[in-house]
Amino acid sequence: MNRSFEEIIKSKFGVSDEDYSEAVRRHDEKGGSVTGVLLQRKIITETQLLDAWSEQYELPFWPELPLETFGEDSTCSAPIGFLKRHAMVPLVLKNTPTSESPILPDDLVNIIAVNDPTTFQPLDDLSQMIGFSGYNLVLSTKNAIFSAINLLFDMSEGTAEQLVQNMEEDGSTIISEIEDTADLLEDTSDAPIIKLVNHIISQSIKARASDIHIEPYQDSFKVRYRVDGILYDLLTPPKWIQPALISRIKVMAKLNIAEKRLPQDGRLEVKIGSQNIDVRVSTLPTTFGERVVMRLLNKSEEVLNLKELGLTAEDHLLFNQLVTQPNGIILVTGPTGSGKTTTLYSVLTSIIKPEINIITIEDPVEYQLKGISQIQVNPKIDLTFARGLRSIVRQDPDVILIGEIRDNETATIAVQSALTGHLVFSTLHTNDSAGAITRLVDIGVEPFLISSSVVAVIAQRLVRVLCDHCKEAYTPEAIIDSIGIYPDQLENHTIYQAKGCEKCFNTGYRGRIGIFEIMLFDDELKNIILKTHDASQIKQHALNKNMKTLRKSGIEQVLSGNTTIEEVLRVTQQ
């Protein structure tokens, strides 16, 4: 005879009589369920609850659903909202034994995973909706079920090519101004162009893309996305779809769809399952139509800490010494998309504490940081970096982050702030650390002010990280001394090359890390800056003081097995 739920949780998880009685009492007073009270009061966990139900109802409990064994014909006619509301998902699994899914009777198995086995009526409704005459019931966690729901609906959308083929060859009939839905996966609109745009965005997010490019040409147009800094082709639709696709994106970003002669900038927010994505949209008129670039920012991801940036132990120690300075300017330089903002956010999260006041001014604010006051630049109301910075100084800050130094006025206020006891972080667009000095002089900052206020300049680049599932060890045919690897170094290190597999979309890489060039301002360097702002002389002095160049930092990552020689050569110069 099966034990009752009460007996199971008391014997198996040590729930006391008092706690269980209190849960029953609260249930009687306020309604709901006893299990809900137990979970709310954290007397048992979700896993323990499902484990107990598994024994009580004699149902298998799968903490993780084997999503890799989805059948190719996995589709779902039930609304995604219904599945999420009742936390259940139908799976057509190919019968491949795993630790989570034991061998079941048939080769192709109908399964319904539920979080609560007592939801009998929704189960009956679901089985009728999807036509399951018979099925196996399993228990699983809400997170696992929601992940399966999102994947299931992503698969059921079909490919972008199929969506294009299903459209009638008439661009004028598919332009539609339909408001955004909360979740792209829940968009039930039948308009083909809406389905296509949603699919492009969701597939790009699934591939971890940072940008989507829509590029018009004379007889065609192309959709590409940037993954780990490299552009890949996603889709080449017929030319007649171009105006409808661009109009749909402009509608979503609340841009003027009638204005096609001037550049426009806008933004929109989309939701893919549990991920909140901020999309910045930029349009540019070209000879063959408007070009659109969408920058994707996943706001659900956490800000990296300093250790996750790719810093070596030596560089991490140096970073910690710099960011705890009482005053001065620390500049991070590099081209667009080199991770400068991510580095500065990581620095801020490492120094945040109740006793210091941190204020930022950015364009745009990319991540919301707890405990930090962040200001969004808004040129339409004349809230520029310079004007915002003047007000920040009157807010008694200890640390100031300026998104970018773009003009003399911003640079001057930043220098004055550093000279009056503030620690200032900012970015510049230069090729290396020494070039930052030339750039500051170029925008009108006096050399004596630079030498008095700047503490360090950090140049950085991003290199792609080798995929752990497919990287291959090899010995380069010719070790070129000029790139900084010598034969004796290979005795204690292994060099890998990229191969490519399903896990990394056959690129051989997955993710990126930073390489850094840190130029410290000592007394000699300050004297040189007072005499000249020639970048080559400044860099030569820093090299004489054992500054590690970007190339050398990259080679360290190669010897550590994190990236390849080709990647380092791609993003660095001698």
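When I say contact today, I mean heavy atoms within 4.5 Å of each other, and with that in mind let me begin with one residue of this predicted model. Leaving aside its neighbours within four places in sequence, Leu 38 is in contact with Phe 5, Ile 9, Asp 19, Tyr 20, Ala 23, Ile 43 and Ile 44. Leu 38 belongs to the largest nonpolar core, which has 44 residues, and it is listed there among those with the most contacts inside the core, together with Phe 5, Leu 65, Val 89 and Leu 126. There is also a second, separate core of 36 residues, and Ile 359, Val 377, Ala 411 and Val 424 are among its members.

Let me turn to the sheet. Seven strands make up an open sheet with mixed pairing, and their order is E12-E11-E13-E14-E10-E15-E18. E12 and strand E18, residues 509-520, each have a single partner strand and stand at the edges, so one side of each is left without a neighbour in the sheet. On average, and with direction ignored, neighbouring strands here are turned by 20° against each other. Within the sheet, strand E10, residues 328-333, runs parallel to strand E15, residues 454-466, and the two are joined by 5 bridges, with Val 332 standing opposite Ile 458 in E15.

Two helices that pack on this sheet deserve a word. Helix H12, residues 340-351, touches E10, E11, E12, E13, strand E14, E15 and E18, and its direction makes about 165° with that of E14. Helix H13, for its part, touches E11, E12 and E13, with a direction at about 170° to that of E11.

Which residues of helix H13 are buried? In this helix, which spans residues 385-393, they are Phe 385, Ala 386, Gly 388, Leu 389 and Ile 392. Seen down the axis of H13, these buried residues fall within an arc of 165°, so they line one face of the helix. What they pack against is strand E11 (358-362), strand E12 (373-376), strand E13 (399-402) and helix H14 (408-419).

Finally, a word on confidence. The chain has a mean pLDDT of 83, and 87% of its residues reach 70 or more. Among the elements of the chain, E10 has the highest mean pLDDT, at 96, whereas helix H8, residues 160-165, has the lowest, at 61. Over residues 97-106 the pLDDT is below 50, and this stretch has 16 contacts in the model beyond near neighbours in sequence. Residues 168-182 likewise stay under 50, and for them the model has 26 contacts beyond four places in sequence.

Conventions. Residues numbered from 1 in each chain as written. Predicted model: local features only at pLDDT ≥ 70, side-chain atom pairs only at ≥ 80, totals over all residues. Heavy atoms only, no water. Core = buried A, V, L, I, M, F, W, Y, C linked by side-chain atoms within 4.5 Å. Buried < 20%, exposed > 50% of the residue type's maximum accessible area, 1.4 Å probe, protein only. Helix = DSSP H or I, 4+ residues; strand = E, 2+ residues; numbered from the N terminus. Arc of directions from axis to C-beta. Pairing = 2+ DSSP bridges. Axes fitted to C-alpha atoms, helices over the stretch in contact; angles between N-to-C directions. pLDDT = per-residue confidence, 0-100.
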